[in-house]
Amino acid sequence: MTSLKKAKGKARRAAKAKAKEDEAVTNQPLGGQPSQRNDAPMSGGITTTARCNHGLVPSHYHPQSHIASNNLQTCKWFLQAFVNEFDGTAGDFLAAYHATKEKCAVVWNDPSMMEFVVSFLLACGTGKVMEGNNIKIASKYAALACYFEQYIQVELLNTRPFPNWPKIRELYAANSHTTVSFLKRRIPCSCLDEKYKEVKSIPKIGLCCSPECPLPCGKTELSATMCCSRCRAANYCSRECQVAAWQGHRGECGFYAELKAKFKENKENS
């Protein structure tokens, strides 16, 4: 009986130690050095708040999570590597992917790890919105979360034929309404409810894909954009811009249309 009690006590102590180890991971920056406080800026300005982790805890950091502590560190190393490449290429998602796909293959190929990366970015983006003056950084994290979210759907789960590039790019160039709306729909807490009420009257931003678009940076109200009906992978602010961009869009339009048709056929035959 005594040995059984000792064994149970040892197991409880081990579980508590594991819980503390997992909790410690939440307080470390992407670079691997411990932060002084739970809401201190992480590398690249990524933060979470002490009051609420916006869905990151307990679903991904809980001791019962399928992601071990060393894998959490791997995810953060991956995210830091991707963000470094992303920033170094002026926001080129595909360039950052190709620069990290081999050295970070363990994360790219693991749905649980990728889901953690998405959850981490959503939590950090929400934290930036709540700081009140970091909407640009929040928009960047929202765009990255959207890209990784859609990567999971396309490459790992096969639930969509290709990423929604217009949406991803619009988030990267987003205003407060677009960013807050995206984050609010994906976090389980109500932390952004009041902020959403403040910004919901602001028109959402859309981007015209035409290189010859006369609008500054191709930005217009999202409600004014039109989508290529064949591939649905490009948005335009006007019929004139769509016609002007056709020669450049023709090739990718056929490519995405073919992907969409094959995806539909495979789903029907499965």
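What is the relative accessible area of Lys 262?

Mentor: The relative accessible area of Lys 262 is 45%, which makes this lysine partly exposed; that class lies between buried, under 20%, and exposed, over 50%, with a 1.4 Å probe and protein chains only. The model is predicted, so local features need pLDDT of at least 70 and side-chain atom pairs count only at pLDDT 80 or more, while totals for chains, interfaces and linings use all residues. Residues are numbered from 1 along each chain as its sequence is written, and side-chain values use heavy atoms, with hydrogens and water left out.

Lys 262 has a salt-bridge partner in Glu 258, and their closest N and O atoms are 3.2 Å apart (a salt bridge is a side-chain nitrogen of Lys or Arg within 4 Å of a carboxyl oxygen of Asp or Glu). Glu 258 is also partly exposed, at 45% relative accessible area. Both sit in helix H10 (residues 239-269), four residues and about one helical turn apart; helices (H or I, at least four residues) and strands (E, at least two) are DSSP runs numbered from the N terminus. An α-helix has 3.6 residues a turn, so residues three or four places apart point the same way.

The search of the whole structure finds six salt bridges. Another of them pairs Glu 131 with Lys 128, with 3.7 Å between the closest N and O atoms. These two are three residues apart in helix H5 (residues 111-131), again about one helical turn. Here the lysine is buried, Lys 128 having 6% relative accessibility, whereas Glu 131 is partly exposed at 40%. A further bridge joins Asp 87 and Lys 140, whose closest N and O atoms are 2.7 Å apart. That pair links distant parts of the chain: Asp 87 belongs to helix H2 (residues 69-88) and Lys 140 to helix H6 (residues 135-156), 53 residues apart. Asp 87 is partly exposed at 42%, and Lys 140 is buried at 15%.

The core has 59 residues, and the members touching the most others are Phe 82, Trp 108, Val 117, Leu 144, Tyr 147 and Phe 148 (a nonpolar core is a set of buried Ala, Val, Leu, Ile, Met, Phe, Trp, Tyr and Cys residues joined through side-chain atoms within 4.5 Å). Leu 144 is in contact, meaning heavy atoms within 4.5 Å, with Phe 82, Val 83, Phe 86, Phe 93 and Leu 121, leaving aside residues up to four places away in sequence. In soluble globular proteins, nonpolar side chains tend to be buried together.

H10 is also among the elements that cover the buried residues of H7, along with H3, H6, H8 and the strands E1 (205-207) and E4 (235-236). Those buried residues are Trp 165, Pro 166, Ile 168, Glu 170 and Leu 171.
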